[in-house]
Amino acid sequence: MTKITDHIKAANGKPIFSIEVIPPIKGDNLKNLLDNIEPLMEFKPPFVDVTYHREEYIERPLPDGTIQKIVTRKRPGTVGICSAIMHRFGVDPVPHVLCGGFSREETEDFLIDLHYLGIDNALVLRGDPAKPFSTFKAKENGYTYASELVEQVANMNRGIYLHEEDTPLASSNFCIGVAAYPEKHFEAADHDIDFHYLRHKIDKGADYIVTQMFFDNQKYFDFVERCRHAGITVPIIPGLKPISTRKQLQILPKLFHLHLPDDLVKAIEACENDQQARQVGIEWSIQQCRELIAHEAPVLHFYTMGKADNIMKIAREVF
């Protein structure tokens, strides 16, 4: 296994292609996911991110009129998918590790499993609130902030485990990624507070940053410049997603709290159907990628959302 930071160094300034995939819904066939991303191996991604999805809460009415509250995980299997990707494609998987839904002890066990599998990269995130709730709440004896989870992973890299603080143990070797928001996390009161929390994650041991998707490259350029002026020197990977339907003009800003440039909005609104909108999204993303490469972005990281055909068209023009 190779660390993400080492992949970037080995590229010697040449942009790297990478993707993020989502585990299939429980009961679906993993083969469909693997077959879908296999064509993207043409572009030699050195790593593939695999998301993790915390528990959800659903209510089911019972015959007696009471409500049964059920805890379920609709997209389990992150570790198994990482192993399948590693062995089928020979690329490094990057599992997401969440605060939400885990206790500290469960997190340690999860990280140990990854370590035993030889997985040396992890993207450490706070995660979203459990559905259907709108406010994030840590699990009992879990973490509220991603910086706390970064510290736990960094401690394991130093051979420090929970409840064994005085006994040096074998060290893990995780390369720790964290998320950042060029347009500010929606829960942060302002950019300064958002940047403070990012800096805290770096100080705790994060090795690289992956951004939320954006459609205006200037947002990314300004964010990178601010990081560099603040002394944050770790690689900053831009996250990208081409628009593929007209409905996403409403969905993406609401769901991800991001800005869509006026020119992009007008071009999508002028489309008569989703096929035309998809082509506009591809062309916009190609121009984004070319500009990012010209500004020496280390990686172009695509959020595939389980689809690969539009990413294929973009990659063939760019790589």
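# Close-up views of a predicted model

**View 1. Phenylalanine 302 is buried, with a relative accessible area of 0%.** In this predicted model, phenylalanine 302 sits in strand E10, which covers residues 299-303. Beyond its neighbours within four places in sequence, phenylalanine 302 contacts Phe17, Ser18, Ile19 and Glu20, and also Leu240, Ser285, Cys289, Ile311, Ile314 and Phe319. Proline 238 is 64 residues away along the chain, yet its C-alpha atom is separated from that of phenylalanine 302 by 8.6 Å.

**View 2. Helix H11 (residues 309-318) packs its buried residues against strand E1, helix H10 and strand E10.** The buried residues of H11 are Asn310, Ile311, Met312, Ile314, Ala315 and Val318. Strand E1 covers residues 16-21.

**View 3. Helix H7 spans residues 217-229.** Its 13 residues reach 19 Å from the first C-alpha to the last, close to the 18 Å expected at 1.5 Å a residue. Asn217, Tyr220, Phe221, Phe223, Val224 and Cys227 are the buried residues of H7. Seen down the helix axis, they fall within an arc of 165 degrees, so they line one face of H7. An α-helix has 3.6 residues a turn, so residues three or four places apart point the same way. The cover over the buried residues of H7 includes strands E7 (175-180), E8 (208-213) and E9 (236-240), together with helices H6 (191-204) and H10 (274-294).

**View 4. Aspartate 216 caps the N-terminal end of H7.** A side-chain oxygen of aspartate 216 lies 3.0 Å from the backbone nitrogen of glutamine 218. Just after H7, glycine 231 has a positive phi of about 85 degrees.

**View 5. The axes of helices H5 and H6 come within 8 Å.** H5 covers residues 146-157, and its axis crosses that of H6 at roughly 10 degrees. The two helices are therefore roughly parallel. On the H5 side, Ala146, Ser147, Val150, Glu151 and Ala154 meet His200, Lys201 and Lys204 of H6.

**View 6. A cis peptide bond joins lysine 131 and proline 132.** Omega for this bond is about 10 degrees. Proline 132 is in the loop between strand E6 (121-125) and H5. Most residues other than glycine have a negative phi, and most peptide bonds are trans.

**View 7. Histidine 163 has a positive phi of about 65 degrees although it is not a glycine.** Histidine 163 lies in the loop between H5 and E7 and is exposed, with a relative accessible area of 57%. Lysine 184, in the loop between E7 and H6, also has a positive phi, near 80 degrees.

Technical notes
Residues are numbered from 1 along each chain as its sequence is written. This is a predicted model: local features need pLDDT of at least 70, side-chain atom pairs count only at pLDDT 80 or more; totals for chains, interfaces and linings use all residues. Side-chain values use heavy atoms; hydrogens and water are left out. Helices (H or I, at least four residues) and strands (E, at least two) are DSSP runs, numbered from the N terminus. The expected span of a helix is 1.5 Å times one less than its number of residues. Buried means under 20% relative accessible area, exposed over 50%, partly exposed in between (1.4 Å probe, protein chains only). The arc is that of the directions from the helix axis to the C-beta atoms. Contact means heavy atoms within 4.5 Å. A polar contact is a pair of N or O atoms within 3.5 Å; within protein, one must be able to donate a hydrogen and the other to accept it, and residues adjacent in sequence count only if both atoms are side-chain atoms. Axes are lines fitted to C-alpha atoms, for helices over the stretch in contact, and angles run from 0 to 180 degrees between N-to-C directions. Angles under 35 degrees count as roughly parallel, over 145 as roughly antiparallel, 65 to 115 as roughly perpendicular and the rest as oblique.
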